[in-house]
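Have the sequence and the 3D view open while you read.

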Amino acid sequence: MAHNTVEKTSVTLLGLGAMGTALARTWLSAGHPLTVWNRTPARAAALAAEGARVADSAAEAVAANPLVIVCLLDDASVEEVLAGTDLTGRDLVNLTTGTPAQARARAEWARERGARYLDGGIMAVPPMIGVPEAGGYVFYSGSPELFERHQETLAVPAGTTYVGEDAGFAALHDVALLSAMYGMFAGAAHAFALIRREDIDPAAFAPLLADWLVAMAPAVHQTADQLRSGDYTKGVVSNLAMQVAGTPTFRSTAEQQGVSPELLSPYFELMRRRLAEGSGEEDLTGVIDLLVH
């Protein structure tokens, strides 16, 4: 009788924090032979019971498999942990959060040590790992050949999105999306602050807020189209002059509700600056040019 047995790629994983542990469990569950190492050995005990091989050192873990995945605290930790290892011939995938410049420097650092390099930006929290319906995914950038070679293995914990050969692009996409997220959180915080002292149930207000944010989200496509074309007046519904004229209402409402306008004021100031340049018929897209040095 013939058996269709596909040998799973062996993986080395350095770093067993909350994210690293979640990644490790998904590879183990999917049948990938896994070697792990962590600075605090006790964190590896549970994974050892689940079938992981625990290395005594980072160097031993790196030597165990061609595919080495790093998920540590920061870029300095990557430097420190890999300093005494032989990376020759290794496929190094760095899932440590860092800046685009750090990723580019780390790619060159890996190349000088004989390794191929792929950088990753994880768009998920640990509970989303290994749960496809949660929607988590990882941005990857760097060697396209390396991504193609290991895409199936990398897709086990979360979806994969390759964003380019420039090693810094994964980190850049990661931070760009998270920056937008914090901007959204700031707006939501201001909205809740406005109703905080009123007889309005936050739980009843929340669906209204969520639905409104969802309804406004498609505006990013128009912004992208305007940036690409260079025509910031294209498809404008409410122009900059009209929107700036409405900002005193937001400030007055905040004052009357006893709420600081500090989350909104910087954006309103950028709007006024753009208007002062004579761009009243534009959309809000011109604010982006004010932010770029």
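The points below go through the pockets, then the cavities, then one threonine.

1. Before anything else, keep in mind that this is a predicted model. Every value here was computed from it.

2. Start with the largest pocket, which holds about 2,200 Å³ of space. Its lining counts 47 residues, and G183, M184, M216, Y267 and L284 are the ones nearest the centre. Helices 7, 8, 9, 10, 11 and 12 each give two or more residues to that lining. Which helix gives the most? That's helix 7 (169-195), with 15 residues.

3. Helix 1, helix 4 and helix 7 each give two or more residues here, with helix 1 giving the most, three. By class, this lining has eleven nonpolar, eight polar and three charged residues.

4. On to the cavities: how many of 30 Å³ or more does a search of the whole structure find? It finds two. The largest has a volume of about 70 Å³, and 13 residues line it, with D75, N94, T96, G98 and D119 closest to its centre.

5. Still with the largest cavity, helix 4 (75-82), helix 5 (100-112) and strand 6 (116-123) each supply at least two lining residues. Helix 5 has the largest share, three residues. The lining is made up of four nonpolar, six polar and three charged residues.

6. The second largest cavity has a volume of about 30 Å³. Its lining is L23, W27, L95, V138, Y140, L154, P157 and A158. By class that gives eight nonpolar residues, with no polar and no charged ones.

7. Last, find T285 in the loop between helix 11 (265-276) and helix 12 (286-291). Is T285 buried or exposed? It counts as buried because its relative accessible area is 2%, and the cut-off for buried is under 20%. Further along the sequence, T285 touches T223, Q226, L227 and Y232, leaving aside residues up to four places away. With Q226, the side chains also make a polar contact of 2.3 Å.

Methods
Residues are numbered from 1 along each chain as its sequence is written. This is a predicted model: local features need pLDDT of at least 70, side-chain atom pairs count only at pLDDT 80 or more; totals for chains, interfaces and linings use all residues. Side-chain values use heavy atoms; hydrogens and water are left out. Helices (H or I, at least four residues) and strands (E, at least two) are DSSP runs, numbered from the N terminus. Buried means under 20% relative accessible area, exposed over 50%, partly exposed in between (1.4 Å probe, protein chains only). A polar contact is a pair of N or O atoms within 3.5 Å; within protein, one must be able to donate a hydrogen and the other to accept it, and residues adjacent in sequence count only if both atoms are side-chain atoms. Contact means heavy atoms within 4.5 Å. On a 1 Å grid over the protein atoms alone, a cavity is a set of points where a 1.4 Å probe fits but cannot get out, and a pocket is an open set with protein on both sides within 12 Å along at least five of seven lines; lining residues have an atom within 4 Å of a point. Grid points are joined across faces, edges and corners, and a volume is the space filled by probe spheres set on the points. Ala, Val, Leu, Ile, Met, Phe, Trp, Tyr, Cys and Pro count as nonpolar, Asp, Glu, Lys and Arg as charged, and the others, Gly among them, as polar.
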